[in-house]
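This report is a reading of a predicted model.

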Amino acid sequence: MGMAVKEMMAKRAAEEIENGNVVNLGFGIPQKVVNYIPEGMLVFLHAENGILGAGPMPAEGQEDKELIDSGGVPITMSQGASLFDSADSFALVRSGQLDITVLGALEVAENGDLANWMVPGGLIPGMGGAMDLARHAKEVIAVTMHTDKKGNPKLKKRCDLPLTALSCVSLIITDIGVVKVEDGGFVLTELFEGHTVEEAIEKTGADLKIADNVRIINYDAE
Amino acid sequence: MAELQNRFGKIRTVEEAMEYINDGITIMIAGFCGVGSSFRLIREIEKKGVKDLTLISIDAGDPGVGPEDIIKNEQCKKLIASHIGATPRTGELLNEGKLEVEFSPQGTLAERIRAGGVGIPGFLTDVGMGTVIEEGKPRVTLDGKEYILETALRADVAIILAEKADEFGNLVYNKTARGINPHMARAADITIVDAREIVPLGSIDPEHVVTPGAYVDVIVQGGGDWTWEWQLKK
């Protein structure tokens, strides 16, 4: 049994992170990214409610009732952490101090538009901090399955769902591979072992350029 | 150690604090996922049964935690928040037409509350441009760049949880229970603080005061009665 696909996606997203980076991780697969930050690398995790330097979940029974991340989950504080209020937390985002945000996506358009906060017809959850993060992080990485449960492409010419932010995504990591948003178009740069260029083209709802040297990612062999 | 006095008359009973909570007021309830919310005062608002509130809160709390109690009890006619996804009943009330919800991106919402507390009527931002958030808001061009105009938020009453208050209302918060609290504490006509500990004047290091007491009107002694989402889920 090889590595689960969502774990591979999280691991690939972690490759983008560098020592000293200020990073915000969204819900779902992005939350797993923290598990793949190499040992010895110092990364400052930001949470919207007001902390830079969020640490791993405490052991059961060691939770601090007033120390949570933006998902309401108990956390710890890393060495060098700082605490501040929620307006300052977004001041940090808006002023360009956030190096990377990794977010889930419902749809990404070829110009980098992101839709990830609501599907009309159901209960409306609200956008939380997604619009602020997507607009102002220096690098926005979308981590998403290449198609939805019905097989419809999630990488499209234009988003049909309500938008989170315009032209913000620069890198998309899917279960098939890695797609860059460059000059208003999708470029396939990497494939997970077992997937093909033809499959990526077929499952993408817009033109997909193919990079000159497509990297084949095989974490099981590494 | 100095003795605790009440020379500004700010230290009051919960019953006295509740006199400010009336039908139709706009109320800010501080906290995030229930952390930093005064469960005790929320429960008192629920008990008092006031109606037609306009509630300003970062989220709606979690089921059974935080502001959700008074939303579920249908005491609010309008909610201004950034996220209600953790409390499905809030979304149902919205869909049933029983609750008006104004969504604001979380950072924009925090800044609107901050603006309300610092005497600024609005501000320009590019967050939400080209999305539904922009609808009905004027665009302003400044130095060749376009922004949307967001307005400040103020309330009649703010309900704040603090770790510590002194007799004057100087406040200290605890970790991520700080959240939006210092900003809501400045953005209401009447700021009511549920303090875990009330200490004599002079016992908080001035360097550590986050909210100066000038903003605080009423201080009630905390009930020491807390619930948290992650405890409920166990």
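## A helix and its cover

In chain A, helix α3 covers residues 86-94, and its buried residues are Ser86(A), Ala87(A), Ser89(A), Phe90(A), Leu92(A) and Val93(A). The cover over the buried residues of α3(A) is drawn from both chains: it includes β2 (44-47), β3 (51-55) and α4 (130-136) of chain A, together with α5 and α6 of chain B. After α3(A) comes Gly96(A), a residue whose phi is positive, near 90°.

## Overall form of chain A

Chain A contains five helices and 13 strands. Its radius of gyration is 17 Å, which is close to the 17 Å that the globule rule gives for 222 residues, so chain A is as compact as a globular protein of that length. The C-alpha trace of chain A spans about 50 × 40 × 30 Å along its principal axes.

Of the 222 residues in chain A, 46% are buried. When the contacts in chain A between residues at least 6 apart in sequence are considered, 63% of them join residues at least 24 apart.

## The ten-stranded sheet

In chain A, 10 strands are arranged as an open sheet of mixed pairing, and their order is β4-β3-β2-β1-β5-β8-β10-β11-β12-β13. The edges of this sheet are formed by β4 (76-83) and β13 (208-217) of chain A, each of which pairs on one side only. From one strand to the next, the twist averages 25°.

Strands of a sheet pair through backbone hydrogen bonds, either parallel or antiparallel. Within chain A, strand β8 (residues 139-143) and strand β10 (residues 169-173) pair in the parallel sense, over four bridges. At the level of individual residues, Ile141(A) has Leu171(A) in β10(A) as its bridge partner.

## The three-stranded sheet

Chain A also has an open sheet of three strands in the order β7-β6-β9, and here too the pairing is mixed. Its edge strands are β7 (114-115) and β9 (155-156) of chain A, each pairing on one side only. Strand β6 (residues 107-109) of chain A pairs with β9(A) in the parallel sense over two bridges, and the bridge partner of Ala109(A) in β9(A) is Lys156(A).

## The largest nonpolar core

In soluble globular proteins, nonpolar side chains tend to be buried together. In this model the largest nonpolar core has 124 residues, and Met28(B) and Ala158(B) are those with the most contacts inside it. The element that gives the most to this core is strand β8 (residues 155-166) of chain B, which supplies eight residues.

If neighbours within four places in sequence are left aside, Met28(B) is in contact with Ile56(B), Ala155(B), Ala158(B), Ile159(B), Met184(B), Ala187(B) and Ala188(B).

## Where the two chains meet

The contact between the chains takes 34 residues from chain A and 44 residues from chain B. On the side of chain B that touches chain A, at least two residues are supplied by each of α4 (88-95), α5 (106-118), α6 (181-184) and α7 (229-232) of chain B. The element that gives the most to that side is α5(B), with six residues. Sorted by class, the side of chain B that touches chain A has 21 nonpolar, 15 polar and eight charged residues.

Note on methods
Residues are numbered from 1 along each chain as its sequence is written. Chains are lettered from A and ligands numbered from 1 in the order in which they are written. This is a predicted model: local features need pLDDT of at least 70, side-chain atom pairs count only at pLDDT 80 or more; totals for chains, interfaces and linings use all residues. Two residues are in contact if their C-beta atoms, placed from the backbone, lie within 7 Å. Ala, Val, Leu, Ile, Met, Phe, Trp, Tyr, Cys and Pro count as nonpolar, Asp, Glu, Lys and Arg as charged, and the others, Gly among them, as polar. The radius of gyration is taken over C-alpha atoms; the globule rule is 2.2 Å times the number of residues to the power 0.38. A residue is buried if 20 or more other C-beta atoms lie within 10 Å of its own, exposed if 12 or fewer, and partly exposed in between; C-beta atoms are placed from the backbone. Two strands pair if DSSP finds at least two bridges between them. Axes are lines fitted to C-alpha atoms, for helices over the stretch in contact, and angles run from 0 to 180 degrees between N-to-C directions. A nonpolar core is a set of buried Ala, Val, Leu, Ile, Met, Phe, Trp, Tyr and Cys residues joined through C-beta atoms within 7 Å.
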